[in-house]
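Open the structure in your viewer and keep the selection panel at hand.

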Amino acid sequence: MLVFKKEEFLNTFKQKGWPSIKDERWKYTSLKELSAEKFDGPNNTSSFNFNSYLEGLNFLKSYLVFIDGRLNINLSRQPQDGGVYFSSINELINNNDTEILKKITRFNNQRTLNYLNAGQLTDGVLIKINSQVKEPIGLIFITTQKNIQSHIRNLIEVEAQAKVKILECYKGFDQTYFNNILTSVYLNNESSLELYKIQEESTRSYHISSLEVFQEANSHFESHLHTFGGKLTRNEIAVSFNASGSRAELFGLYAASGTQHVDNTTFIDHAVSDCQSEELYKGILDAKAHGVFSGEVLVRENAQKTDARQKNKNLLLSEEAHIDTKPQLKIYADDVKCAHGATIGQLDKAAVFYLRSRGIDEAQANIILTRAFAVEMLEKIKDEKMKEYFDKTLQNWFNHQTLH
Amino acid sequence: MTSKNTNLKQFTDQEYKYGFSIDIDADAAPKGLNEEIIRFISHKKKEPEFLLNFRLKAFKHWQTMIEPTWAFVKYPKIDFQDIIYYSAPKPKKQLKSLDEVDPELRAMFDKLGINLDEQKRISGVAVDAVVDSVSVATTYKKKLAEVGVIFCSFSEAVQNHPELVQKYLGTVVPYGDNFYSALNSAVFSDGSFCFIPKGVRCPMELSTYFRINAAETGQFERTLIVAEESSYVSYLEGCTAPQRDKNQLHAAVVEIVALDNAHVKYSTVQNWYPGDKQGRGGIYNFVTKRGNCRGKNSKISWTQVETGSAITWKYPSVFLTGDNSVGEFYSVALTNNYQQADTGTKMIHIGKNTKSTIISKGISAGRGQNTYRGLVKVLKNASDSRNYSQCDSLLIGDKCGAHTVPYLEVKNKSAQIEHEASTSKISEDQIFYCRQRGLSQEDAVSMIVNGFCKDVFQNLPMEFAVEAQKLLGVSLEGSVG
């Protein structure tokens with residue numbers, strides 16, 4: 001019988017250690033500071049009034065709330081749709097659900113942080129979608145305690161021909177904490193998932209997330225990942241095409257100021273023929289923020305008729321902001337269309353002048369132009385309500401900034 | 001499809017055109033590397049103290065270094081103790097004129113199509129022919145001397161202009177820069193030295209032909225080009241190598257210094273022996289090339305056509321130190337059969353208002369693996385700097401690979417950086433269109449490939465542009481998947 005032994009994973013992690021900047025995959029993101037911090041596991045949650053945190057999410061008919069990494073069913077609005085099944089990961093482990101244990105222990109063993117995640121597992125959720133679900137489902141993660149670490153493990157399975165939209169939100173009190181999230185997505189034949197994520201963690205927190213997506217034939221995956229918070233953020237997305245005819249779209253926006261560090265790392269494995277991938281990541285970096293984009297597209301030998309596109313555009317707003325970007329293509333098949341591009345620039349002085357000559361002050365002109373740069377990412381969102389919510393969070397970010 | 005395959009086979013079957021070797025009595029050091037060998041080389045070449053010290057420091061440092069493995073190439077581990085680090089054609093006597101050059105050597109140049117007399121008479125290009133690490137014949141020296149240009153073998157420069165060598169050697173590529181540059185600094189045998197004094201526009205294109213001759217001899221060339229204020233030089237380097245079964249290591253270092261308003265144009269056609277169809281043999285070409293735009297408004301451009309070598313590993317770079325300086329990199333890299341190339345550039349923007357352009361065209365055929373790896377770095381004070389990079393790959397056949405690994409690191413908000421890359425194959429429509437107009441399959445491919453590389457060929461000096469097109473033609477005409 002399979003038993004989930006946290007200690008073993010933790011020992012493996014201790015052996016392997018934290019990723020270092022000598023590792024090419026972590027070249028621009030140092031975890032030195034994070035690894036020196038001391039974190040406790042979360043205590044039982046005290047009763048806060050979370051209403052202010054959930055207010056904007058009223059457009060969601062159903063959501064699951066996680067407080068300090070643990071599913072809190074009382075605060076949640078449980079999905080009523082018959083096509084949705086969910087369960088807390090802790091519960092499944094306690095019940096020794098072999099199938100689930102197999103799934104959560106099957107992870108990329110090259111990635112040492114996965115061992116830390118399993119070794120210190122806090123909770124997470126399994127979501128199974130059996131039909132075409134119309135209403136989006138929310139997963140709301142709120143961190144309330146100081147100096148804690150939450151290791152969250154999520155599984156999302158979308159059955160054949162099923163369809164769903166999921167919104168992940170991360171928020172936290174303004175203090176130091178660490179969230180380490182590992183999510184696996186299984187998309188069966190002709191299924192579709194739109195995964196939305198808004199990260200508005202405290203700017204004193206560490207947020208590391210890894211998303212693995214496995215796509216079967218003719219499936220569709222779409223990700224919208226907007227990062228505003230976190231002292232250090234690392235978002236990894238790895239998509240593997242297991243069967244032909246699939247499509248993956250990864251859209252990301254990151255806006256950072258202060259001394260924030262935001263790293264978006266993506267990997268798309270075109271292992272089979274006739275798949276399409278599209279990536280567009282845009283970054284706004286102000287003050288002393290540091291942005292990192294690292295995208296890798298691998299087209300394997302037999303992946304003919306692949307269409308892969310990748311773009312990273314960055315706006316540097318201040319003298320001390322900086323960006324390291326590394327878009328990579330590795331191509332082993334000849335009948336493919338692959339392109340990537342990266343740009344780094346600043347606001348157009350002529351455009352700023354144009355606005356100023358019409359009586360708009362410089363600060364406002366900067367905001368208008370920066371927003372115009374970001375709006376492209378909102379336009380990629382097809383769901384109107386979702387777009388509205390993303391727009392609000394973007395506006396919220398601008399409200400808290402004095403752009404340089 | 002069958003006819004295409006036949007064509008493909010026919011063309012990929014083309015044997016290396018320049019594969020032959022001639023017995024020249026080589027004056028070689030024993031195999032292996034230690035301090036003694038280095039002292040032997042230095043002594044043999046009657047070098048001044050500072051150079052011996054430079055070599056020894058480099059060797060000490062090299063011993064502490066580990067062979068790098070990050071490049072996207074695979075090859076059996078090199079036994080650095082199994083290499084002869086010095087071999088020189090024995091000079092029969094002191095040479096006074098071309099007629100005294102070893103007739104065997106002259107015959108070899110004839111076979112290569114580099115007849116010195118011919119070159120002298122027709123093209124007006126001064127040729128410093130390097131065979132097995134020692135320069136044997138230098139032409140047009142007089143004409144260059146008139147304007148004050150020094151163009152000679154590295155050994156001669158060490159004897160005649162030690163102060164210049166000491167002043168500039170290792171200032172662009174320090175001895176400890178990387179594993180292979182350290183090795184080169186310790187054991188370099190010869191190379192070329194070029195000095196263009198203030199305000200001089202070099203009256204002719206300078207060209208050096210490298211050629212590996214004796215078996216199992218690593219080539220460790222060292223080239224140093226110094227362009228003083230407001231000077232200009234165009235330097236051409238081209239190579240072909242005889243066929244060998246055993247892999248040969250080639251670890252050269254090229255350093256370029258450009259002072260205020262100086263402009264250096266460095267062009268390369270590299271056609272070392274690429275190994276046979278099964279990937280046996282071939283040259284390992286691990287080269288460090290770097291220029292430093294030290295002065296204001298200076299400019300360095302690298303243009304390279306890489307069709308040879310089993311493994312190519314080189315990143316001609318420019319440090320844009322001076323304000324308003326310009327760096328350019330134009331490259332065509334072709335890999336066929338089992339060839340591997342990991343090549344690209346580094347543009348380091350240090351001064352204000354610096355500009356760089358990168359145009360890289362990679363062509364992969366057969367089982368070739370072609371990687372573009374480049375770094376564009378804008379430091380904090382490099383305001384208003386500008387970079388444009390374009391990296392295109394062309395795939396011919398379904399067993400090859402094309403990879404693009406650009407790094408962009410920007411620490412200045414006024415920088416404007418653009419990178420674009422695309423990968424494609426020759427479409428059947430294109431071929432059909434050409435064939436319909438009466439072109440043969442191979443002419444069509446050749447034309448399309450040459451069109452694909454046009455942006456780079458435009459930047460080659462005339463003579464090289466012709467040679468480069470021929471080379472591409474020989475290397476992959478007709479191979480359409």
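**Stop 1: the interface**

Across the interface of chain A and chain B, the rule finds 2 salt bridges (a side-chain nitrogen of Lys or Arg within 4 Å of a carboxyl oxygen of Asp or Glu). This is a predicted model: local features need pLDDT of at least 70, side-chain atom pairs count only at pLDDT 80 or more, and totals for chains, interfaces and linings use all residues. Residues are numbered from 1 along each chain as its sequence is written, chains are lettered from A and ligands numbered from 1 in the order in which they are written, and side-chain values use heavy atoms, with hydrogens and water left out.

Select Asp335(A) and Lys425(B). They form a salt bridge, with the closest N and O atoms 3.9 Å apart.

Now show both faces. In contact (heavy atoms within 4.5 Å) are 36 residues of chain A and 33 residues of chain B. The buried area is about 2,900 Å², and carbon and sulfur atoms give 49% of that. Here buried area is the accessible area (1.4 Å probe) that two parts lose on being put together, summed over both. Next, pick Tyr332(A), Asp334(A) and Ile344(A). Together they supply 21% of the area that chain A buries against chain B, more than any other three residues.

**Stop 2**

The nearest cysteine sulfur, that of Cys202(B), is 6.2 Å away. Finish at Cys400(B). Its sulfur is 12 Å from the closest cysteine sulfur, in Cys338(A), too far for a bond.

Terms used: Disulfide = S-S within 2.5 Å.
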